[in-house]
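Biologist: I am new to reading protein models. Please take me through one, feature by feature.

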Amino acid sequence: MAPKSVQSAPEMPADDPRHATRATRTAGRQMRSRLLDGASRLFRERGLAGTSISDIAAAADAFPSQITYYFRTKEALFVEAACREMLYVARAAEQAASQALTPRDYTRALVETVTGTDSVAFFTEALTLTRRRQDLAPLVERTIERLHGEGMRAYAGQIERHGWKSLRDPDASSRRFWAVAIGVMVEGHAMGRSAEEMCGEMLRVLGDQATAKPASEAAGLRLVGDRDASDFCNRRHR
């Protein structure tokens, strides 16, 4: 008996409305991404006030009207670009730390990645902007919750994988990490400190987050000292 032939789904004609809808959505996503890429670079180089809508359109090979169509205002584009960059650096930090074999190396990998970019500083400018533009606050709130949630899951996964003993709840550790990162980097950029100095300060303030030893021995852990943190960051940034 001959095998039954498998009927494949008929190809959608190019003029089918559903095809046109998908093509339009894809083009829209690509345009938004191009605008965000161009805007991120210019905002980081020149700041919000020093970047015009025409500058962003030129960098993205787009029309100024497309910026207002997709983002409404320059300020809304600034906040979305900053939020996206913050999530990118968080993902990069988690990837860098995923290979760590000890709790201290895990923290160091996170800190070195975060302080090696200006993404946190970019994001803090968006935080300041939303104080005056509450209509932009929901995107920042969602970004912060994603930072905390994804950071907590990544950290909890490492604890389970290696059998570490966390010194505090994973959610508290994630929230504390980003609070320290924002505080240290805002102060550091204001004072003109180098990435190495900010890295060392973050390690000093964070101290140990977990230990591979039994919980009964956790009290004997020492915090990362100024010299240890500074030496590590200087080595990593050379």
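**Reading the model**

Modeller: Just after α9, Gly207 takes a positive phi of about 65°. Residues are numbered from 1 along each chain as its sequence is written, and side-chain values use heavy atoms, with hydrogens and water left out.

Biologist: What is the mean pLDDT of the protein chain?

Modeller: Start with the idea. pLDDT is the predictor's confidence in each residue, from 0 to 100. Here the chain has a mean of 85, and 79% of its residues reach 70 or more. Over residues 17-21 the pLDDT is below 50, and this stretch has four contacts in the model beyond near neighbours in sequence. Residues 218-227 are also below 50, with 17 such contacts. Contact means heavy atoms within 4.5 Å. Where pLDDT is low, the predicted coordinates should not be read in detail.

Biologist: Which elements have the lowest and the highest mean pLDDT?

Modeller: Helix α10 (residues 226-237) has the lowest, at 52. Helix α9 (residues 195-206) has the highest, at 97.

Biologist: How many helices and strands are there?

Modeller: The chain has 10 helices and two strands. From the N terminus on, the order is α-α-α-α-α-α-α-β-α-α-β-α.

Biologist: How do I check the length of a helix? What should helix α5 span?

Modeller: Helix α5 (residues 103-115) has 13 residues and should span 18 Å; its end C-alpha atoms are 19 Å apart, which agrees. Now take α9. Its 12 residues reach 16 Å from first C-alpha to last, close to the 16 Å expected.

Biologist: How many residues of α5 are buried?

Modeller: Buried means under 20% relative accessible area, exposed over 50%, and partly exposed in between (1.4 Å probe, protein chains only). α5 is mostly covered, with 11 of its 13 residues buried. Among them are Tyr106, Arg108, Glu112 and Val114. In α9, the buried residues include Met198, Cys199 and Met202. Over the chain of 238 residues, 39% count as buried.

Biologist: Which residues touch the most other members of the largest nonpolar core?

Modeller: In soluble globular proteins, nonpolar side chains tend to be buried together. A nonpolar core is a set of buried Ala, Val, Leu, Ile, Met, Phe, Trp, Tyr and Cys residues joined through side-chain atoms within 4.5 Å. The largest core here has 55 residues, and Phe43, Leu77, Val114, Phe177, Trp178 and Met202 touch the most other members. Helix α4 (residues 74-97) gives the most to this core, with 13 residues.

Biologist: Is Phe43 buried or exposed?

Modeller: Phe43 counts as buried, because its relative accessibility is 2%. Phe43 sits in helix α1 (residues 17-46). Leaving aside neighbours within four places in sequence, its contacts include Leu48, Ile56, Leu77 and Phe122. Phe43 and Ile56 are 13 residues apart in sequence and 9.1 Å apart in space, C-alpha to C-alpha.

Biologist: Where is His148, and what does it contact?

Modeller: His148 is in helix α7 (residues 137-162). His148 is buried, with a relative accessible area of 10%. Beyond four places in sequence, His148 is in contact with Ser174, Arg175 and Trp178.

Biologist: How many salt bridges does the structure hold?

Modeller: A salt bridge is a side-chain nitrogen of Lys or Arg within 4 Å of a carboxyl oxygen of Asp or Glu. The structure holds 14. One of them joins Arg84 and Asp37 (2.5 Å, N to O). Arg84 lies in helix α4 and Asp37 in helix α1, so the pair ties together parts that are 47 residues apart in sequence. Arg84 is buried at 14% relative accessible area, whereas Asp37 is partly exposed at 42%.

Biologist: Which residue forms a salt bridge with Glu187?

Modeller: Arg193 does, with the closest N and O atoms 2.7 Å apart. Elsewhere, salt bridges that share partners join Arg44, Glu85 and Asp118 into one network.

Methods:
Predicted model: local features only at pLDDT ≥ 70, side-chain atom pairs only at ≥ 80, totals over all residues. Helix = DSSP H or I, 4+ residues; strand = E, 2+ residues; numbered from the N terminus. Expected span 1.5 Å × (residues − 1).
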